Amino acid sequence: MQDKKTPERSIQRRTFLKGAALGLAATALPSRDAEASIWEAFFQKHFREMSEAEIRKVIGRLEQEYEQKYKKKITVGIEKPLPGVLFGYGLDLSRCIGCRRCVYGCVDENNQSKDPQIHWITVLRFKKGEKWVDLEESEKYYNPSAVPEEEYFYMPVQCQQCENPPCVRVCPTQATWKDEDGIVVIDYNWCIGCRYCMAACPYGARRFNWTDPGRKTEELNTETHYLGNRPRFKGVVEKCTFCIQRTRKEPGRYPACVEACPVGARKFGNLLDPMSEIRYAIEHKRVFRLKEDLNTNPKFYYFFAYGG
Amino acid sequence: MKKTIMTLLMLFGLLLSAATAAVRADTHEPDVPKKLFVPPPPFTPGIYPCSQCHAGMPVDRNPRKLQGMHDNIALKHMPGGWCFDCHNPNNRDTLRLANGKIVRFEESYNLCGQCHGTILREWKAGLHGKRTGMWNGEKQYLLCVHCHWPHDPKFKPIQPLPPPVRPSDIK
Ligand code: SF4
Ligand code: SF4
(Lines give C-alpha, C1' and ligand atoms only; values in the text may rest on other atoms or scores of the structure.)
(Ligands and ions follow the chains in the order given, each with its own letter.)
Protein backbone atom coordinates (compact mmCIF):
# COMPACT_ATOMS: atom_id res chain seq x y z
CA MET A 1 0.00 0.00 0.00
CA GLN A 2 2.68 2.45 1.01
CA ASP A 3 6.36 2.71 0.39
CA LYS A 4 8.42 0.78 2.91
CA LYS A 5 11.13 3.42 2.86
CA THR A 6 8.96 5.90 4.73
CA PRO A 7 8.36 3.77 7.80
CA GLU A 8 6.31 6.43 9.55
CA ARG A 9 3.62 5.98 6.98
CA SER A 10 4.04 2.36 6.04
CA ILE A 11 2.53 0.96 9.17
CA GLN A 12 0.63 2.92 11.69
CA ARG A 13 -1.67 2.05 14.47
CA ARG A 14 -4.71 3.33 12.59
CA THR A 15 -3.95 1.12 9.60
CA PHE A 16 -3.79 -1.73 12.00
CA LEU A 17 -7.05 -0.78 13.68
CA LYS A 18 -8.77 -0.46 10.32
CA GLY A 19 -7.79 -4.00 9.63
CA ALA A 20 -8.73 -5.13 13.10
CA ALA A 21 -12.22 -3.76 12.72
CA LEU A 22 -12.70 -5.92 9.66
CA GLY A 23 -11.23 -8.93 11.35
CA LEU A 24 -8.22 -8.67 9.09
CA ALA A 25 -5.66 -7.57 11.63
CA ALA A 26 -2.97 -9.80 10.24
CA THR A 27 -3.02 -8.17 6.82
CA ALA A 28 -2.14 -4.78 8.29
CA LEU A 29 0.73 -5.94 10.46
CA PRO A 30 4.25 -5.29 9.27
CA SER A 31 5.61 -8.19 7.30
CA ARG A 32 8.16 -10.46 8.96
CA ASP A 33 11.11 -8.94 7.11
CA ALA A 34 10.01 -5.31 7.66
CA GLU A 35 12.72 -2.95 8.88
CA ALA A 36 13.29 -2.84 12.61
CA SER A 37 12.32 0.81 12.75
CA ILE A 38 8.86 -0.01 11.45
CA TRP A 39 8.31 -2.41 14.30
CA GLU A 40 9.71 0.15 16.71
CA ALA A 41 7.26 2.78 15.53
CA PHE A 42 4.45 0.27 15.76
CA PHE A 43 5.16 -0.67 19.35
CA GLN A 44 6.17 2.80 20.54
CA LYS A 45 5.09 3.29 24.15
CA HIS A 46 2.91 6.12 25.37
CA PHE A 47 4.95 9.32 25.48
CA ARG A 48 4.48 9.77 29.20
CA GLU A 49 5.43 6.22 29.99
CA MET A 50 8.71 6.30 28.13
CA SER A 51 12.00 6.79 29.92
CA GLU A 52 14.32 9.60 28.90
CA ALA A 53 16.45 7.08 26.99
CA GLU A 54 13.44 5.64 25.18
CA ILE A 55 12.28 9.10 24.18
CA ARG A 56 15.73 9.95 22.84
CA LYS A 57 15.60 6.81 20.73
CA VAL A 58 12.23 7.74 19.31
CA ILE A 59 13.46 11.25 18.53
CA GLY A 60 16.51 9.83 16.79
CA ARG A 61 14.32 7.60 14.64
CA LEU A 62 11.93 10.46 13.83
CA GLU A 63 14.67 12.90 12.91
CA GLN A 64 16.14 10.29 10.59
CA GLU A 65 12.81 9.65 8.93
CA TYR A 66 12.15 13.35 8.48
CA GLU A 67 15.57 13.84 6.98
CA GLN A 68 14.90 11.05 4.49
CA LYS A 69 11.54 12.43 3.60
CA TYR A 70 12.31 16.17 3.46
CA LYS A 71 16.04 16.05 2.66
CA LYS A 72 16.55 18.51 5.46
CA LYS A 73 17.61 18.35 9.10
CA ILE A 74 14.60 18.87 11.35
CA THR A 75 15.17 19.13 15.11
CA VAL A 76 12.49 17.60 17.27
CA GLY A 77 12.51 19.01 20.80
CA ILE A 78 11.05 17.29 23.86
CA GLU A 79 11.04 20.17 26.36
CA LYS A 80 8.96 19.36 29.41
CA PRO A 81 6.56 21.82 31.08
CA LEU A 82 8.39 24.50 33.07
CA PRO A 83 7.76 24.30 36.81
CA GLY A 84 5.43 26.98 38.18
CA VAL A 85 4.04 27.85 34.78
CA LEU A 86 0.43 27.72 33.65
CA PHE A 87 0.05 29.35 30.26
CA GLY A 88 -2.76 31.76 29.51
CA TYR A 89 -3.70 33.86 26.53
CA GLY A 90 -5.52 37.15 26.15
CA LEU A 91 -7.15 38.72 23.12
CA ASP A 92 -8.19 42.35 23.09
CA LEU A 93 -11.31 42.52 20.93
CA SER A 94 -11.34 46.30 21.06
CA ARG A 95 -8.03 46.24 19.16
CA CYS A 96 -8.35 43.33 16.72
CA ILE A 97 -8.91 44.56 13.17
CA GLY A 98 -9.52 41.16 11.57
CA CYS A 99 -6.47 41.36 9.30
CA ARG A 100 -5.62 37.61 9.59
CA ARG A 101 -1.90 38.26 10.03
CA CYS A 102 -2.04 35.87 13.01
CA VAL A 103 -3.59 33.10 10.90
CA TYR A 104 -0.74 33.03 8.40
CA GLY A 105 1.96 33.74 10.99
CA CYS A 106 0.76 30.56 12.69
CA VAL A 107 0.85 28.53 9.48
CA ASP A 108 4.44 29.59 8.80
CA GLU A 109 5.58 28.73 12.32
CA ASN A 110 3.70 25.50 12.85
CA ASN A 111 4.19 23.64 9.56
CA GLN A 112 0.53 23.32 8.69
CA SER A 113 -0.38 21.87 5.33
CA LYS A 114 -0.83 24.55 2.68
CA ASP A 115 -2.56 22.27 0.21
CA PRO A 116 -5.02 21.14 1.40
CA GLN A 117 -5.21 24.21 3.54
CA ILE A 118 -5.08 23.88 7.31
CA HIS A 119 -5.48 26.91 9.58
CA TRP A 120 -5.35 26.64 13.35
CA ILE A 121 -6.76 30.15 13.81
CA THR A 122 -10.11 31.22 12.43
CA VAL A 123 -11.06 34.89 12.58
CA LEU A 124 -14.79 35.38 12.96
CA ARG A 125 -16.56 38.59 11.98
CA PHE A 126 -19.62 39.83 13.83
CA LYS A 127 -22.01 42.65 13.14
CA LYS A 128 -21.80 45.25 15.88
CA GLY A 129 -24.84 45.55 18.06
CA GLU A 130 -26.29 42.12 17.28
CA LYS A 131 -26.37 39.15 19.61
CA TRP A 132 -22.84 38.54 18.56
CA VAL A 133 -21.88 35.80 21.02
CA ASP A 134 -23.96 33.56 18.82
CA LEU A 135 -21.06 31.91 17.01
CA GLU A 136 -23.40 30.50 14.38
CA GLU A 137 -24.17 34.04 13.22
CA SER A 138 -20.54 34.82 12.50
CA GLU A 139 -18.78 35.00 9.16
CA LYS A 140 -15.31 33.56 8.56
CA TYR A 141 -15.03 34.12 4.81
CA TYR A 142 -15.28 37.93 4.96
CA ASN A 143 -13.03 39.56 2.39
CA PRO A 144 -13.37 43.35 2.08
CA SER A 145 -10.62 45.45 0.50
CA ALA A 146 -9.70 46.93 3.87
CA VAL A 147 -10.22 46.19 7.56
CA PRO A 148 -11.47 47.15 10.08
CA GLU A 149 -14.93 47.83 8.69
CA GLU A 150 -17.10 50.37 10.45
CA GLU A 151 -20.03 48.07 11.22
CA TYR A 152 -18.17 44.90 12.24
CA PHE A 153 -15.79 43.56 14.81
CA TYR A 154 -13.62 40.49 14.77
CA MET A 155 -12.89 37.57 17.05
CA PRO A 156 -10.05 35.14 16.33
CA VAL A 157 -10.67 31.63 17.66
CA GLN A 158 -8.12 28.88 18.18
CA CYS A 159 -7.64 26.08 20.72
CA GLN A 160 -8.70 27.55 24.08
CA GLN A 161 -6.43 25.20 26.06
CA CYS A 162 -9.28 24.16 28.33
CA GLU A 163 -8.43 23.24 31.90
CA ASN A 164 -11.23 20.71 31.64
CA PRO A 165 -10.84 19.61 28.01
CA PRO A 166 -13.61 17.45 26.56
CA CYS A 167 -11.34 16.49 23.66
CA VAL A 168 -9.00 14.69 26.06
CA ARG A 169 -11.75 12.74 27.74
CA VAL A 170 -13.02 11.14 24.54
CA CYS A 171 -9.72 10.05 23.04
CA PRO A 172 -9.72 6.22 22.99
CA THR A 173 -5.93 5.92 22.83
CA GLN A 174 -4.97 8.80 25.17
CA ALA A 175 -3.08 10.33 22.30
CA THR A 176 -4.11 13.79 23.53
CA TRP A 177 -3.72 15.06 27.07
CA LYS A 178 -3.26 18.19 29.15
CA ASP A 179 0.29 18.78 30.33
CA GLU A 180 1.24 20.44 33.63
CA ASP A 181 1.70 23.85 32.02
CA GLY A 182 -1.88 23.67 30.77
CA ILE A 183 -1.12 23.01 27.12
CA VAL A 184 -3.32 20.34 25.58
CA VAL A 185 -0.99 18.32 23.40
CA ILE A 186 -1.29 15.55 20.81
CA ASP A 187 1.11 12.70 20.17
CA TYR A 188 0.74 12.23 16.41
CA ASN A 189 2.31 8.78 16.69
CA TRP A 190 -0.49 7.65 18.93
CA CYS A 191 -3.37 9.43 17.18
CA ILE A 192 -5.47 6.89 15.28
CA GLY A 193 -7.45 9.54 13.42
CA CYS A 194 -10.85 8.58 14.83
CA ARG A 195 -11.68 12.29 15.19
CA TYR A 196 -13.70 11.82 18.38
CA CYS A 197 -11.83 14.83 19.79
CA MET A 198 -12.95 16.98 16.89
CA ALA A 199 -16.54 16.10 17.62
CA ALA A 200 -16.05 16.76 21.33
CA CYS A 201 -14.35 20.17 21.03
CA PRO A 202 -16.96 22.91 21.45
CA TYR A 203 -14.70 25.47 19.77
CA GLY A 204 -14.01 23.76 16.45
CA ALA A 205 -10.32 24.07 17.22
CA ARG A 206 -9.03 20.76 15.86
CA ARG A 207 -8.06 20.00 12.28
CA PHE A 208 -7.66 16.70 10.45
CA ASN A 209 -5.02 15.73 7.91
CA TRP A 210 -7.08 14.14 5.17
CA THR A 211 -3.94 13.71 3.10
CA ASP A 212 -0.22 13.85 3.71
CA PRO A 213 0.44 17.52 4.56
CA GLY A 214 1.20 19.55 1.44
CA ARG A 215 4.11 21.75 2.32
CA LYS A 216 7.29 22.53 0.41
CA THR A 217 10.52 21.50 2.07
CA GLU A 218 11.91 25.02 1.82
CA GLU A 219 8.88 26.31 3.69
CA LEU A 220 9.36 24.00 6.66
CA ASN A 221 10.18 25.45 10.06
CA THR A 222 12.94 23.10 11.16
CA GLU A 223 12.81 24.04 14.84
CA THR A 224 10.07 21.77 16.14
CA HIS A 225 8.68 20.01 19.20
CA TYR A 226 7.51 16.40 19.38
CA LEU A 227 4.12 17.49 20.75
CA GLY A 228 3.87 20.54 18.53
CA ASN A 229 4.88 21.63 15.06
CA ARG A 230 6.90 18.65 13.85
CA PRO A 231 5.72 17.49 10.43
CA ARG A 232 2.47 15.53 10.68
CA PHE A 233 1.16 12.58 8.68
CA LYS A 234 -1.98 11.69 6.83
CA GLY A 235 -4.77 10.72 9.19
CA VAL A 236 -3.80 12.61 12.36
CA VAL A 237 -5.46 15.49 14.20
CA GLU A 238 -3.67 18.75 15.00
CA LYS A 239 -4.36 22.11 16.66
CA CYS A 240 -2.81 25.15 18.35
CA THR A 241 -0.29 24.34 21.12
CA PHE A 242 0.53 27.92 22.21
CA CYS A 243 3.68 27.43 20.08
CA ILE A 244 5.06 24.84 22.48
CA GLN A 245 8.36 24.79 20.54
CA ARG A 246 8.87 28.49 21.34
CA THR A 247 7.23 28.97 24.70
CA ARG A 248 8.45 25.96 26.67
CA LYS A 249 11.91 27.40 27.07
CA GLU A 250 13.86 29.41 29.58
CA PRO A 251 13.73 32.08 28.24
CA GLY A 252 11.03 31.25 25.71
CA ARG A 253 9.77 33.33 22.84
CA TYR A 254 6.23 34.62 22.50
CA PRO A 255 3.89 32.56 20.32
CA ALA A 256 4.09 33.44 16.62
CA CYS A 257 0.58 34.94 16.54
CA VAL A 258 1.48 37.41 19.31
CA GLU A 259 4.39 38.62 17.22
CA ALA A 260 2.42 38.68 13.96
CA CYS A 261 -0.41 40.88 15.20
CA PRO A 262 0.15 44.44 13.92
CA VAL A 263 -2.06 46.07 16.56
CA GLY A 264 -0.83 44.25 19.66
CA ALA A 265 -4.21 42.65 20.36
CA ARG A 266 -2.65 39.38 21.52
CA LYS A 267 -1.31 38.83 25.05
CA PHE A 268 0.46 35.81 26.42
CA GLY A 269 2.08 34.75 29.66
CA ASN A 270 2.12 32.80 32.89
CA LEU A 271 -1.17 32.81 34.79
CA LEU A 272 0.72 32.01 38.00
CA ASP A 273 2.96 35.09 37.71
CA PRO A 274 1.17 38.12 39.19
CA MET A 275 3.38 40.46 37.13
CA SER A 276 2.55 38.89 33.76
CA GLU A 277 0.66 40.74 31.04
CA ILE A 278 -2.09 38.17 31.05
CA ARG A 279 -2.64 38.60 34.79
CA TYR A 280 -2.76 42.37 34.32
CA ALA A 281 -5.49 41.90 31.73
CA ILE A 282 -7.50 39.56 33.94
CA GLU A 283 -7.21 41.82 36.98
CA HIS A 284 -7.88 45.14 35.25
CA LYS A 285 -10.22 44.36 32.37
CA ARG A 286 -13.58 42.74 32.08
CA VAL A 287 -12.59 39.38 30.58
CA PHE A 288 -14.79 36.60 29.32
CA ARG A 289 -14.26 33.17 27.89
CA LEU A 290 -16.14 31.38 25.15
CA LYS A 291 -19.03 29.13 26.12
CA GLU A 292 -18.29 29.40 29.83
CA ASP A 293 -21.48 27.50 30.58
CA LEU A 294 -19.91 24.29 29.26
CA ASN A 295 -17.47 24.22 32.17
CA THR A 296 -14.51 23.62 29.90
CA ASN A 297 -12.64 26.37 31.77
CA PRO A 298 -10.59 27.75 28.89
CA LYS A 299 -7.29 29.54 29.50
CA PHE A 300 -8.01 31.85 26.57
CA TYR A 301 -9.42 35.18 27.74
CA TYR A 302 -11.18 37.74 25.56
CA PHE A 303 -11.52 41.33 26.71
CA PHE A 304 -12.21 44.87 25.61
CA ALA A 305 -9.37 47.07 26.85
CA TYR A 306 -11.06 50.26 25.64
CA GLY A 307 -14.71 51.16 25.41
CA GLY A 308 -16.94 48.18 26.13
CA MET B 1 -6.15 82.02 25.03
CA LYS B 2 -6.47 78.70 23.24
CA LYS B 3 -3.00 77.91 24.40
CA THR B 4 -3.87 78.42 28.06
CA ILE B 5 -6.91 76.19 27.76
CA MET B 6 -4.75 73.49 26.20
CA THR B 7 -2.23 73.69 29.00
CA LEU B 8 -4.97 73.60 31.61
CA LEU B 9 -6.51 70.57 29.96
CA MET B 10 -3.17 68.84 29.93
CA LEU B 11 -2.55 69.60 33.57
CA PHE B 12 -5.99 68.32 34.44
CA GLY B 13 -5.25 65.11 32.55
CA LEU B 14 -2.00 64.74 34.42
CA LEU B 15 -3.66 65.16 37.79
CA LEU B 16 -6.34 62.68 36.84
CA SER B 17 -3.90 60.00 35.78
CA ALA B 18 -1.80 60.60 38.87
CA ALA B 19 -4.90 60.07 41.00
CA THR B 20 -5.84 56.80 39.30
CA ALA B 21 -2.28 55.60 39.57
CA ALA B 22 -2.34 56.17 43.33
CA VAL B 23 -5.54 54.16 43.75
CA ARG B 24 -4.15 51.22 41.86
CA ALA B 25 -0.74 51.31 43.44
CA ASP B 26 -1.53 48.56 45.92
CA THR B 27 -2.73 45.96 43.43
CA HIS B 28 -0.71 45.42 40.31
CA GLU B 29 1.12 48.63 39.70
CA PRO B 30 3.82 47.81 37.23
CA ASP B 31 6.84 49.94 37.83
CA VAL B 32 8.75 50.78 34.74
CA PRO B 33 10.07 47.33 33.86
CA LYS B 34 13.69 46.97 34.85
CA LYS B 35 14.73 47.08 31.25
CA LEU B 36 12.66 48.59 28.48
CA PHE B 37 13.98 47.36 25.19
CA VAL B 38 12.83 50.10 22.89
CA PRO B 39 14.17 50.32 19.35
CA PRO B 40 15.44 53.71 18.13
CA PRO B 41 12.75 56.23 17.14
CA PRO B 42 11.49 55.82 13.55
CA PHE B 43 12.93 59.01 12.07
CA THR B 44 12.60 59.68 8.37
CA PRO B 45 16.10 58.83 7.09
CA GLY B 46 18.41 61.83 7.18
CA ILE B 47 16.06 64.07 9.11
CA TYR B 48 17.72 63.77 12.50
CA PRO B 49 19.35 65.68 14.14
CA CYS B 50 16.81 68.40 13.49
CA SER B 51 19.36 71.01 14.47
CA GLN B 52 21.09 70.39 11.13
CA CYS B 53 18.62 72.88 9.68
CA HIS B 54 16.89 74.41 12.67
CA ALA B 55 19.94 75.63 14.59
CA GLY B 56 19.95 79.40 14.24
CA MET B 57 16.64 79.44 12.36
CA PRO B 58 14.14 81.93 13.80
CA VAL B 59 11.29 80.30 15.73
CA ASP B 60 7.87 80.97 14.18
CA ARG B 61 5.17 80.17 16.70
CA ASN B 62 2.27 81.03 14.41
CA PRO B 63 0.12 78.06 13.39
CA ARG B 64 0.20 77.87 9.58
CA LYS B 65 0.28 75.42 6.70
CA LEU B 66 3.86 74.28 6.32
CA GLN B 67 5.41 74.80 2.88
CA GLY B 68 8.32 72.86 1.40
CA MET B 69 9.86 71.04 4.36
CA HIS B 70 7.41 69.00 6.51
CA ASP B 71 4.52 69.73 4.14
CA ASN B 72 3.37 66.13 4.60
CA ILE B 73 2.31 67.05 8.12
CA ALA B 74 -1.30 68.09 8.37
CA LEU B 75 -1.67 67.98 12.11
CA LYS B 76 -4.63 65.70 12.89
CA HIS B 77 -3.98 65.15 16.55
CA MET B 78 -5.03 67.72 19.12
CA PRO B 79 -7.28 70.24 17.42
CA GLY B 80 -5.69 73.66 17.70
CA GLY B 81 -2.32 72.13 18.48
CA TRP B 82 0.95 73.32 17.09
CA CYS B 83 4.54 72.02 16.75
CA PHE B 84 5.73 73.47 20.05
CA ASP B 85 3.11 71.70 22.11
CA CYS B 86 5.53 68.77 21.83
CA HIS B 87 8.71 69.90 20.07
CA ASN B 88 11.21 72.01 21.98
CA PRO B 89 11.55 75.38 20.20
CA ASN B 90 14.94 76.00 21.82
CA ASN B 91 16.48 72.72 20.78
CA ARG B 92 14.68 70.85 18.02
CA ASP B 93 16.62 67.65 18.76
CA THR B 94 14.46 67.20 21.86
CA LEU B 95 10.84 67.23 22.89
CA ARG B 96 9.28 69.25 25.68
CA LEU B 97 6.54 68.43 28.16
CA ALA B 98 3.80 70.90 29.11
CA ASN B 99 5.64 71.52 32.38
CA GLY B 100 8.78 72.53 30.51
CA LYS B 101 10.68 69.31 31.15
CA ILE B 102 12.88 68.25 28.25
CA VAL B 103 12.38 64.74 26.87
CA ARG B 104 14.58 62.83 24.43
CA PHE B 105 12.97 61.25 21.38
CA GLU B 106 13.96 57.85 22.81
CA GLU B 107 11.60 58.50 25.73
CA SER B 108 8.81 60.12 23.80
CA TYR B 109 6.28 57.88 25.59
CA ASN B 110 6.53 60.25 28.52
CA LEU B 111 5.31 63.02 26.26
CA CYS B 112 2.35 60.99 24.98
CA GLY B 113 1.61 59.93 28.54
CA GLN B 114 0.83 63.53 29.54
CA CYS B 115 -2.62 63.11 28.04
CA HIS B 116 -2.81 59.33 27.58
CA GLY B 117 -1.92 58.41 31.14
CA THR B 118 -3.94 55.20 31.30
CA ILE B 119 -2.47 53.99 28.06
CA LEU B 120 1.06 54.78 29.21
CA ARG B 121 0.49 52.76 32.36
CA GLU B 122 -0.94 49.86 30.40
CA TRP B 123 1.88 50.04 27.89
CA LYS B 124 4.38 49.69 30.71
CA ALA B 125 2.40 46.76 32.09
CA GLY B 126 2.58 45.14 28.66
CA LEU B 127 -1.11 45.38 27.91
CA HIS B 128 -1.21 48.21 25.40
CA GLY B 129 0.84 47.76 22.28
CA LYS B 130 2.79 44.93 20.79
CA ARG B 131 5.36 42.94 22.70
CA THR B 132 7.86 40.67 21.00
CA GLY B 133 10.85 38.70 22.24
CA MET B 134 10.72 36.50 25.33
CA TRP B 135 7.58 36.05 27.41
CA ASN B 136 9.76 35.18 30.44
CA GLY B 137 12.86 37.18 29.50
CA GLU B 138 13.82 40.24 27.51
CA LYS B 139 10.72 41.82 26.04
CA GLN B 140 11.00 44.11 23.10
CA TYR B 141 8.79 47.18 23.51
CA LEU B 142 7.92 49.68 20.80
CA LEU B 143 7.61 53.43 21.17
CA CYS B 144 4.10 54.85 20.72
CA VAL B 145 5.32 56.46 17.50
CA HIS B 146 6.39 53.15 15.96
CA CYS B 147 2.73 52.33 15.44
CA HIS B 148 1.00 55.70 15.67
CA TRP B 149 2.25 58.53 13.48
CA PRO B 150 2.16 61.28 16.11
CA HIS B 151 0.84 63.94 13.73
CA ASP B 152 -2.12 61.75 12.74
CA PRO B 153 -2.15 58.86 15.19
CA LYS B 154 -5.26 56.93 14.23
CA PHE B 155 -4.58 53.55 12.56
CA LYS B 156 -5.25 53.40 8.85
CA PRO B 157 -7.24 50.42 7.52
CA ILE B 158 -5.20 47.66 5.87
CA GLN B 159 -5.96 44.84 3.46
CA PRO B 160 -6.80 41.55 5.20
CA LEU B 161 -4.98 38.37 4.21
CA PRO B 162 -7.10 35.89 2.20
CA PRO B 163 -10.06 34.11 3.83
CA PRO B 164 -9.85 30.34 4.32
CA VAL B 165 -10.76 28.09 1.41
CA ARG B 166 -14.44 27.12 1.44
CA PRO B 167 -14.99 23.37 1.62
CA SER B 168 -16.98 23.66 -1.61
CA ASP B 169 -13.92 25.11 -3.37
CA ILE B 170 -11.66 22.19 -2.52
CA LYS B 171 -11.00 20.11 -5.60
S1 SF4 C 1 -10.49 24.19 22.70
FE2 SF4 C 1 -11.11 22.18 21.91
S3 SF4 C 1 -9.17 21.20 21.32
FE4 SF4 C 1 -8.61 22.92 22.67
S5 SF4 C 1 -8.50 22.00 24.74
FE6 SF4 C 1 -10.60 22.84 24.50
S7 SF4 C 1 -11.80 21.09 23.76
FE8 SF4 C 1 -9.63 20.54 23.45
S1 SF4 D 1 -3.27 39.71 13.57
FE2 SF4 D 1 -4.13 40.80 15.36
S3 SF4 D 1 -5.50 42.33 14.44
FE4 SF4 D 1 -5.06 40.85 12.80
S5 SF4 D 1 -6.77 39.35 12.97
FE6 SF4 D 1 -5.09 38.52 14.22
S7 SF4 D 1 -5.50 39.27 16.31
FE8 SF4 D 1 -6.77 40.52 14.91
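A polar atom of the Gln114(B) side chain lies 3.0 Å from the backbone oxygen of Leu111(B). The model is predicted. The area buried between chain A and chain B is about 3,600 Å².

**Interface between the chains**

- The size of an interface is often given as the accessible area lost when the parts come together.
- Carbon and sulfur atoms give 60% of the area of about 3,600 Å² buried between chain A and chain B.
- Tyr141(A), Tyr254(A) and Tyr280(A) supply 20% of the area that chain A buries against chain B, which is more than any other three residues.
- The contact involves 51 residues of chain A and 33 residues of chain B.

- Chain B has five helices and four strands, and from the N terminus on its elements run α-α-β-β-α-α-β-β-α.
- Of the 171 residues in chain B, 30% are buried.
- Counting contacts in chain B between residues at least 6 apart in sequence, 52% join residues at least 24 apart.

**Gln114(B)**

- Gln114(B) sits in the loop between helix H3 (109–112) and helix H4 (117–125) of chain B.
- Its relative accessible area is 6%, under the 20% limit, so Gln114(B) counts as buried.

**Ligand shells**

- Around ligand 2 are residues of chain A, among them Cys96(A), Cys99(A), Cys102(A), Cys261(A), Arg100(A), Arg101(A) and Arg266(A).
- The shell of ligand 2 has eight nonpolar, one polar and three charged residues.

**Helix H5 of chain A and the residue after it**

- Helix H5 (residues 52–70) of chain A has 19 residues, which at 1.5 Å a residue should span 27 Å; its end C-alpha atoms are 26 Å apart, so the two values agree.
- The buried residues of H5(A) include Ile55(A), Val58(A), Ile59(A) and Leu62(A), along with Arg61(A), Glu63(A) and Glu65(A).
- Just after H5(A), Lys71(A) takes a positive phi of about 55°.
- Lys71(A) belongs to the loop between H5 and E1 of chain A.
- With a relative accessible area of 69%, over the 50% limit, Lys71(A) is therefore classed as exposed.

**Lys80(A)**

- Lys80(A) is in the loop between strand E1 (75–77) and strand E2 (87–92) of chain A.
- Apart from its neighbours within four places in sequence, Lys80(A) is in contact with Glu52(A) and Arg248(A).
- Lys80(A) and Lys249(A) are 169 residues apart along the chain, and their C-alpha atoms are separated by 8.9 Å.

**Other backbone geometry**

- Most residues other than glycine have a negative phi, and most peptide bonds are trans.
- His70(B) is not a glycine but has a positive phi of about 60°; His70(B) lies in the loop between H2 and strand E1 (95–96) of chain B.
- His70(B) is partly exposed, with a relative accessible area of 29%.
- The bond from Val147(A) to Pro148(A) is cis, with omega near 0°, and Pro148(A) is in the loop between strand E3 (122–127) and strand E4 (152–157) of chain A.
- In chain B, the peptide bond from Tyr48(B) to Pro49(B) is cis, with omega near 0°; Pro49(B) is in the loop between helix H1 (2–28) and helix H2 (51–54).

Note on methods: Residues numbered from 1 in each chain as written. Chains lettered and ligands numbered in written order. Predicted model: local features only at pLDDT ≥ 70, side-chain atom pairs only at ≥ 80, totals over all residues. Heavy atoms only, no water. Helix = DSSP H or I, 4+ residues; strand = E, 2+ residues; numbered from the N terminus. Buried < 20%, exposed > 50% of the residue type's maximum accessible area, 1.4 Å probe, protein only. Polar contact = N/O pair within 3.5 Å; in protein donor to acceptor, adjacent residues only side chain to side chain. Expected span 1.5 Å × (residues − 1). Contact = heavy atoms within 4.5 Å. Buried area = accessible area lost by both parts, 1.4 Å probe. Near = heavy atom within 4 Å. Nonpolar A, V, L, I, M, F, W, Y, C, P; charged D, E, K, R; others polar.
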